[in-house]
Amino acid sequence: VVAALVGLRSPPAAAGVGAVGAVLIALRGYLVPFTPRFAPALVDPLPGGFFDHRGPADSDALADVDADDPDPEAVVRGLADAGVVAADGDRLGVTPAFETGWRERMADLAAASDDRLGAVARDASPAVESARVERTGTEAFLVATGVDGSVAWLRRPVAVAEVAAVAALRDTDLPPAFRAVAADAVCAFLDTCPVCDDDLVEGRLDDCCGHGLGEPGSDPPHGVACETCGVAFHRFE
């Protein structure tokens, strides 16, 4: 709008305004300063799902490409039986043995090329028929297509964590049918981002330009996220 108004007096200046706006949007995903802070409150009363931001960036799990997800309680029992998770006092967490292998694979994939990340994702899960990395501005997504034709878009940091988890779970006794869902589950125990190494935070995922919104009119979901990368690694149900 500003570019159009400026264009009434000076077309070259209007082109400059448009270019600056495009660069700002490409770099941070929005134009007006502090948009992530005020936008959720503005769009929450609106009807429909036009601003609900649950698009490609909101598909957080390789399990999204598998229509026959196992029961969550069965997955947790399977993780415990396989020695992937264990109780430490009143807390549940991944075991040191699994965490070591998982972190080694995350470090390897974080430094890997896009082609290699896609290849490892294809090999890691039988539910994945094809996988490739797509880049949009400064964002990178792993696009995983399931054998049933469904598609999941995972931001690259999430893809690194989940693909590495599936690969690490192959070295355990966890049934293969549980691995994709379990990869998302173990991400609840991440404490640092596998890409930027910053600490992850637990709280409301209500940043519309980073973590995504829940259903309009509902409370934002809670989960584990990297504020630096603007990525949610796990959403608590």
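H7 passes H8 in a right-handed crossing (right-handed if the near helix is turned clockwise from the far one by less than a right angle, left-handed if anticlockwise). The contact involves Glu162, Ala165, Val166 and Leu169 of H7. From H8 it takes in Arg179, Ala180, Ala182, Ala183, Asp184 and Val186. Contact means heavy atoms within 4.5 Å. By class, the residues of this contact are seven nonpolar, no polar and three charged. Here Ala, Val, Leu, Ile, Met, Phe, Trp, Tyr, Cys and Pro count as nonpolar, Asp, Glu, Lys and Arg as charged, and the others, Gly among them, as polar. The axes of H7 and H8 come within 8 Å and cross at roughly 120°. H7 is therefore oblique to H8. Axes are lines fitted to C-alpha atoms, for helices over the stretch in contact, with angles from 0 to 180 degrees between N-to-C directions. Angles under 35 degrees count as roughly parallel, over 145 as roughly antiparallel, 65 to 115 as roughly perpendicular and the rest as oblique.

The model is predicted: local features need pLDDT of at least 70, side-chain atom pairs count only at pLDDT 80 or more, and totals for chains, interfaces and linings use all residues. Residues are numbered from 1 along each chain as its sequence is written, and side-chain values use heavy atoms, with hydrogens and water left out.

The chain holds eight helices and eight strands. These are DSSP runs (helices H or I, at least four residues; strands E, at least two), numbered from the N terminus. Of its 237 residues, 42% count as buried. Buried means under 20% relative accessible area, exposed over 50%, and partly exposed in between, with a 1.4 Å probe and protein chains only. Among contacts in the chain with a separation of 6 or more, 55% come from residues 24 or more positions apart.

Helix H6 spans residues 114-124, and its buried residues are Leu117, Gly118, Ala121 and Ala124. They cover an arc of only 130° around the axis, which puts them on the same side of H6. The arc is that of the directions from the helix axis to the C-beta atoms. Asp115 and Asp123 are exposed on the other side of H6. The cover over the buried residues of H6 includes helix H5 (96-110), strand S3 (128-136), strand S4 (139-146) and helix H7 (156-169).

The axes of H6 and H7 come within 10 Å and cross at roughly 40°. This makes H6 oblique to H7. The crossing is left-handed. On the H6 side, Asp114, Leu117, Val120, Ala121 and Ala124 take part. They meet Arg156, Ala159, Val163 and Val166 in H7. This contact has seven nonpolar, no polar and two charged residues.

Serine 125 lies in the loop between H6 and S3. It is buried, with a relative accessible area of 6%. Neighbours within four places in sequence aside, serine 125 is in contact with Val166 and Ala180.

Helix H4 (residues 72-81) has Ala74, Val75, Gly78 and Leu79 as its buried residues. Seen down the axis of H4, these residues fall within an arc of 140°, so they line one face of the helix. The face turned away from the buried side of H4 carries exposed Glu73 and Asp81. Strand S1 (85-88), H7 and helix H8 (179-186) are included in what covers the buried residues of H4. Glycine 83 follows H4, and its phi is positive, near 75°.
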